[in-house]
Amino acid sequence: MSALAVATGTRRGPSVPQRTARVLGRWTLPVFTAVAVGYLLLPIAVMIVFSFNDPPGKFNFVWAEFSLAAWANPIGRPGLALALQTSLTIAFVSTIAATALGTLIALALTRYRFRGHGATNLFIFIPMATPEIVLGASLLTLFVATAQEPFKSFIPAGVFFPLGWNTILIAHIMFNISYVVVTVRARIQGFDRHLEEAAMDLGANEWVTFWKVTFPLILPGILAAALLAFSLSIDDFIITNFASGLTNTFPVWIWGTIRNNMPPQVNVIGTIIFGTAVGLVLLSTLLQRRGSARA
Amino acid sequence: MGRLIKRYRWAIPYVLMAPGIAWLAVFFVVPNVRMLQMSLSEGSVERGFTFTWDVANYTDNVVRFGENFQNSVIFGGLATVFCFLVGYPLAYTIAFRGGRYKNLLLFLVISPFFTSFLIRTISWKIILGDDGPFLEIVRDILHLVPTNFSVLGSAVAVVAGLTYEFLPFMTLPLYVSLEKIDRSLIEAANDLYASRWGAFRRVTLPLSLPGVFAGSLLVFIPAIGDYVNAELLGGPKTQMVGNVIQARFLAQNDYPTAAALAFILMAAILVGILAYARLLGTEQLTGGRA
Amino acid sequence: MSQRDPVRPLSSALAAPITRRRMLQGSAIVGVSAFLAACQAQATPTAEPTPTAPPATPGPTPVATPTAAPTPEPTPQVPTGPLNFANWPAYIDLNEEETESPTLEAFKAKYGVDVNYVEDIQDNESFVATIRPQLQAGLDTGWDLIVLTDWTAAKIVAAGWTEKIDQANVPNCVANLRDELRGLDWDPNQDYHYPWQSGATGVGYNSTKTGRDLTKVADLFDPAFAGKATLLESVQDTFALVGLMMKAQGKLEHDPEEYTLEDAQKIHDEIKPFVESGHVRGFTGNEYLQDFGSGDTWVAIVWSGDLASSGGENDVFVYPEEGSFIWTDNMLIPKGAQHKYTAELYMNFVYDVAIAAELANWIYYISPVKGAGDKILELDPSLADDPYLASLLFPPPEVAAKQHTFVAQTQDEENAFNDLLFDLTGQ
């Protein structure tokens, strides 16, 4: 803001064009920002509004009339409840697994110097630089191959193929690991190693130091990584679609169902997810504020 | 115990990394090796696939699906450019003029992530539909376009969808890199250069390049491989490589063609990233500094 | 199906009155088409063949042998569930709230098993792609009952990917399958399939949007509908209809039964400019219903019953003047199905005349069940005053006279045709 204050300082007698330019200069960015934010929020608004629609046919595309019917029966579509349950359990399990695996890698990368350090960094980066469709397609190629020789003889049917719950979980853990590593690594890089050294000086061994000092310090990073992993998992469609077979997650269910009918329930669930996420963020912000106010 | 740890200290990082790296090895590296093999094979599900070094999968398909590759590169590129054009001023405003609204604005920018991206894309289908609110205003009220004008099914709709979907991926890294810039540098620049534009061009913009680089990659890579936007918002002429890969894998069981296309896509992205990194002179690719 | 079926001129089959013997002589194609021709005459069924098993249907049905007592379950098997049933959209009856299917509920109640009914089939090829790897590997596909169109069903059966139906478990099917649909050369003894419904491919349109009635395939390409037209993502449907249009315009010699690769190329070349110009906004499977729902599609190649059952008020199907394309969708039990017996019970259940009538009268397709037609008219006398709906259930003779089928192709032919289609769809 300081630059702005200087620029709009107290020079006298600006000409009209100059004044126009200045007004423009002052308002262009805020107006642009408002429009851009509106652009970002527009589809969400449409989603919420259309959750109250009562479409005449099977497709909730054109506004007809206000109705609370879908809200009264939010999971009243065949397969929807099961798909939501699958999404939540897979997101939960894959988050825990990926966060554990990823945090260990992040610790190794930030606290140790070892041969292959750079290569590991690159290796972690590559899955994130690979388009989702390639990740999904390659996994499918592997899973399908397990149903044929030579894999068939030692991999029992049902582990990787036919596709289903297992394969979705495998895929989600896989694409989440890198994101966890990067998030946790950023946090560890940011903290003061002297705290650990001090603890060691005071006689704590490595194990105790880790749990008493290091872990609490990097915990916010781990939680942030877990949150990211959870949201990536629950919203993933492209990779999941390759790995899901007959098992539906919520996005896969939407994809399948919108071709035949698009019930307002899709919007209701979307709105509930949105509301829950926003609520959680607000809650955590409030808690943080209260925490920092007390400190 | 302590002595043991000291003696094998060198092994600790490897032990820590082993499970995660093993997971990636089995479910990222092996599948890609398998897909590479598949891309050089011929056959069908019924007859089985035989590895024949069938390079024709690459040479034929890059020609045959040239239009799809072209669509992917153009749409992905345009989406990246538009994300930059919208995201930079947005990030700039939040970083430098956000004031007390900074957190609120950031929150609004990431709020699309709080709901399913499929639902958001469907919302665009509603908005841009022939009977949707957008055309109702532009066509029926403002009469800016002819009566049989459609947005859906066109490249415009696909690029708009991609731009929308990935805008936060551009805005956030830009914001982070802008936020990091030392304000006194900018003030000094404002004193030094005649115009604020000059100051921006010579100081702020160069200092934010890492954000531009990160943001562009975060947009371009998923955008070039996307197929959902082209499927829901596009038409037969706007099909991207992702649509072909998806259809060949899941709807036609034509694995060799799909695998070859996936690798060509990967190669194109890799070349793109390297060229871009050289152009910007940024080498923070992996971001890992121990 | 390695060899192309010998093609017979349809007209000759249709010109003469249809008899069962004639049917058995004819090839699959002729059988299906002729079946259609027989539909109008079905109010007074011709002589019934002796059923090989008594129908289990109780109640007053117009079946020739309704006197047979309801049989107990033929084998002491226990139905297991859930019956995993993959079907096409808009292909099952629904209650008024459109939340559940009365006939499915009745089946569940009767046998005490659950049914997992999923509308997962948008088009034949892409659905088969989801089960082909499992079938090839000898694994359970997860489905107990699937519904595929003639040409695809024939391929699946020929590959040995279907369970053999225990005829003792399906007495209704044995008794009530319409004669015209029996003895098809890809499964002459109904060992592996029983038809679900038959229907036609023709032109669908939203009459409010178009502002006029459509009568021809050529109307799809009326410049007034630029950007509002969709075609089907299936060679059989789209190429057959556009080919019929071209034949009527003198641009093509052959009927769909006789298409060569050259013909397919010509059809492709005819459609291509309309794709390039954006006139054709997309190629769809059954999801054209979505685009009619959103108002984005005005005119399209569609299947006969869908718009009547699941479209908006002004969405209409028309049998085009140039001719239409007729097919039958068939129930199959994929190899390794876990609930084969339940699937058979279900086949038997829907061949009960009353159930068949209830089903057909909701989805507006042509029931393969003898006597279902009479039953429909009995259930819904108002049909007599609604020539449109009646024409969907009972195609009139002038329509049947112009109906065509698609012959089975060799794999190479099929691939070549598909490549032409993929060039149009951009995939």
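This is a predicted model: local features need pLDDT of at least 70, side-chain atom pairs count only at pLDDT 80 or more; totals for chains, interfaces and linings use all residues.
Let me start with chain C as a whole. Chain C has 18 helices and 10 strands. Of its 427 residues, 57% are buried. And if you take the contacts in chain C with a separation of 6 or more, 77% of them link residues 24 or more positions apart.

Now, the helix pair. Which two helices am I talking about? Helix 10, residues 261-276, and helix 18, residues 411-425, both in chain C. Their axes come within 9 Å and cross at roughly 10°. Anything under 35 degrees counts as roughly parallel, so that's what we call helix 10 and helix 18 of chain C.

Who makes the contact? On the helix 10 side of chain C, you've got Leu261(C), Ala264(C), Gln265(C), His268(C), Ile271(C), Lys272(C) and Val275(C). Facing them from helix 18 of chain C are Glu413(C), Ala416(C), Phe417(C), Leu420(C), Asp423(C) and Leu424(C). Sort the residues of that contact by type and you get 8 nonpolar, 2 polar and 3 charged.

Okay, over to chain B, and to Val156(B). That one sits in helix 8 of chain B, which covers residues 155-180. Buried would take 20 or more, and exposed 12 or fewer.

Note on methods:
Residues are numbered from 1 along each chain as its sequence is written. Chains are lettered from A and ligands numbered from 1 in the order in which they are written. Axes are lines fitted to C-alpha atoms, for helices over the stretch in contact, and angles run from 0 to 180 degrees between N-to-C directions. Helices (H or I, at least four residues) and strands (E, at least two) are DSSP runs, numbered from the N terminus. Angles under 35 degrees count as roughly parallel, over 145 as roughly antiparallel, 65 to 115 as roughly perpendicular and the rest as oblique. Two residues are in contact if their C-beta atoms, placed from the backbone, lie within 7 Å. Ala, Val, Leu, Ile, Met, Phe, Trp, Tyr, Cys and Pro count as nonpolar, Asp, Glu, Lys and Arg as charged, and the others, Gly among them, as polar. A residue is buried if 20 or more other C-beta atoms lie within 10 Å of its own, exposed if 12 or fewer, and partly exposed in between; C-beta atoms are placed from the backbone.
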